[in-house]
Amino acid sequence: MTPLPTGRRLASGKVRDLYAAGGDRLLVVASDRISAFERVFPTHVPDKGRVLTAMSVFWFRELADVLPNHLVAWDGPLVPAPVRGRALVVERLDMLPVEAVVRGYLTGRGYSDYRRSGEVCGLALPPGLTESARLPEPIFTPSTKAKPGDKDENIDFDTFVSVLGRALAEEVREASLELYRRGAAHAAEQGLLLADTKFEFGIGATGGLVLADEVLTPDSARYWLADGHQPGVPQASFDKQHVRDWLVDPASGWDCVSPLPPLPPEVVTATRDRYLEAYHRITGLSLADWPRDPADLRQPASRLGQCGGAGDRRDPHREQDVHRPRRPAALQPR
Ligand SMILES: Nc1ncnc2c1ncn2[C@@H]1O[C@H](COP(=O)(O)OP(=O)(O)OP(=O)(O)O)[C@@H](O)[C@H]1O
Ligand SMILES: [Mg+2]
């Protein structure tokens, strides 16, 4: 647990610790904990929390014109020094009790469901698709958000509607698909395929839908090398698949019931390398430079004016501005 001089700890997830940060704000601290099969390893992966935080900030900024997000600050006086680089100050939201999963390729639980029924979350897919195949178009495959220790359950869209109501359910689906398309397009420019990902959303103080949690990190998304993509077999990814593979190998000695065993040093090193490489490939930045003056973060030219580029020097010690543009018409509640 992260001891902090200020702030009351409200909750701890598998990876993050949440603290009250005054008013309607939270301090979300990403630890170096790593989980598999809904359990947490006793071993940490150094720098993992910083990668998740830095990468989420990159994506919050990159995707800010699609949907408002919860980010308030990632540096400056609001962020306590002991957790600088792995903590975000965010708007505290009323979180939706669902996970918004988008799949562009068939893998993981989506592939298992397809093999069993020809469908994923009630969506019939063409016959004959192999593992890791590209889907004809990205699909929205929501799940429940399970309580700690439980497994999320895939649900069909009608069930999703029964949880959120039709207007909000459709807004979440359209926003998720657009976020995925934008993320996949950026990843493709870096030679990566965005196989699938999970988003979480909440409702903000003004009642609107807000993108929350972490975004398109190796913990919440599967990235594959575009070059080596070979449908028919599982693909190497930048997430913790390596750790899961080690765990289910009989050599790990894990019996599927006991607490997870410590990770061997070589698995920790290989996993850390993967997280760092994912960050580097997606952002074009080095983690050694994180965090730094947000005005220095490289942004696509088209966004320099919006997010603060080299020509828009801001005081790094004041709270960051994350713009909250008006939503595109397609994403307005119907
Ligand atoms: N802006 C926000 N306001 C309130 N809660 C939030 C906000 N952003 C994220 N959360 C919640 O904070 C928690 C983050 O913790 P963490 O990521 O460790 O959860 P987790 O155990 O990994 O669960 P999951 O597997 O569903 O991600 C999640 O429960 C998430 O829903
Ligand atoms: Mg999480």
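Reader: Where is the place of Glu38?

Author: Glu38 sits in the loop between β4 (35-36) and β5 (39-40). Those labels come from DSSP runs: helices are H or I over at least four residues, strands are E over at least two, numbered from the N terminus. Before we go on, this is a predicted model, where local features need pLDDT of at least 70, side-chain atom pairs count only at pLDDT 80 or more, and totals for chains, interfaces and linings use all residues. Residues are numbered from 1 along each chain as its sequence is written, while chains are lettered from A and ligands numbered from 1 in the order in which they are written.

Reader: What is phi of Glu38 near?

Author: Most residues other than glycine have a negative phi, and most peptide bonds are trans. Phi of Glu38 is near 65°, a positive value. A cis peptide bond turns up too, joining Trp290 and Pro291 with omega about -15°. You'll find Pro291 in the loop between α6 and α7 (304-307).

Reader: What pLDDT does the protein chain average?

Author: pLDDT is the predictor's confidence in each residue, from 0 to 100. The protein chain averages 88, and 85% of the residues score at least 70. Over residues 298-319, though, the pLDDT is below 50, and residues 321-334 are also below 50. Where pLDDT is low, the predicted coordinates should not be read in detail.

Reader: What is the order of the open sheet of five strands?

Author: Two strands pair if DSSP finds at least two bridges between them. Here the order is β1-β2-β3-β7-β6, with antiparallel pairing. β1 (9-12) and β6 (71-73) stand at the edges with a single partner strand each, so one side of each has no neighbour in the sheet. β1 and β2 pair over three bridges, and Arg9 stands opposite Tyr19 in β2.

Reader: At what angle do helix α5 and helix α6 pack?

Author: Axes are lines fitted to C-alpha atoms, for helices over the stretch in contact, and angles run from 0 to 180 degrees between N-to-C directions. α5 (residues 241-248) and α6 (residues 265-283) pack at about 155°, with axes 9 Å apart. That makes α5 roughly antiparallel to α6 (under 35 degrees is roughly parallel, over 145 roughly antiparallel, 65 to 115 roughly perpendicular, the rest oblique). His242, Val243 and Trp246 in α5 meet Val267, Ala270, Thr271 and Arg274 in α6; contact here puts C-beta atoms, placed from the backbone, within 7 Å.

Reader: Which residues come nearest to ligand 1?

Author: A residue is near a molecule or strand if its C-beta atom, placed from the backbone, lies within 6 Å of it. Of the 17 residues around ligand 1, Gly13, Lys14, Val15, Arg16 and Ala212 come nearest. β2 (16-20), β7 (87-91) and β14 (192-203) are the elements giving two or more residues to this shell.

How values were computed: Contact = placed C-beta atoms within 7 Å.
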